[in-house]
Amino acid sequence: MEQINPDLLISYEDYNNLIALKSKYLCKKIVSCRVSIFDFYNNHIHLLAPQFYYTNIKKLYPSADKIITVSNSIKNELDQILEKPYCITIHNGIKTTDSTYEACGFSNFILNVGRLHPQKGQSDLIKAFKKKKNIINENLLIVGD
């Protein structure tokens, strides 16, 4: 079996991050945290208990060479859990001053941008929007691929 000796290991999603950080590779390790730790693990069904994630994130994330978050709120959560700032934030975003974007023609809307996949919950958003249509004045605009 060929031995792998990477220079850099990049991981996304908390469970994969934990595996990456426990690996014996002697390379730089960068992990990306893309969900709210407190909200996501308390409000979604997982094979492992929320405490598994809290305990192992607290134990293993400090060994990462860099932790990248997609929002300041996730960074603040991790800074609180880890008791020391280890994270940097790189926001997902769109450069709105780019002239290649055209106006959508809608105004007064709620915008959801994301991959059109059951994991992203657009169907839940549509159902909730329908239930509250009498008190919501905005249109719902969903953009995704």
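Ile37, Ile57, Tyr61, Ile67 and Leu78 touch the most other members of the 18-residue largest nonpolar core, a core being a set of buried Ala, Val, Leu, Ile, Met, Phe, Trp, Tyr and Cys residues joined through side-chain atoms within 4.5 Å. Helix 1 (14-22), strand 2 (28-33), helix 3 (50-60) and helix 4 each give two or more residues to this core. Welcome to a predicted model, where local features need pLDDT of at least 70, side-chain atom pairs count only at pLDDT 80 or more, and totals for chains, interfaces and linings use all residues. Numbering runs from 1 along each chain as its sequence is written, and side-chain values use heavy atoms, with hydrogens and water left out.

- Beyond its neighbours within four places in sequence, Ile57 is in contact (heavy atoms within 4.5 Å) with Asp14, Leu18, Ile37, Pro62, Leu78, Ile81 and Leu82.
- Helix 4 spans residues 72-82, and its Ile74, Lys75, Glu77, Leu78, Asp79, Ile81 and Leu82 are buried (under 20% relative accessible area; exposed is over 50%, partly exposed in between; 1.4 Å probe, protein chains only).
- Helices (H or I, at least four residues) and strands (E, at least two) are DSSP runs, numbered from the N terminus.

**Around Ser71**
- Ser71 sits in the loop between strand 3 (66-69) and helix 4, and is buried at 18% relative accessible area.
- Setting aside neighbours within four places in sequence, Ser71 is in contact with Thr89 and His91.

**Positive phi**
- Most residues other than glycine have a negative phi.
- Glu13, in the loop between strand 1 (8-12) and helix 1, has a positive phi near 80°.
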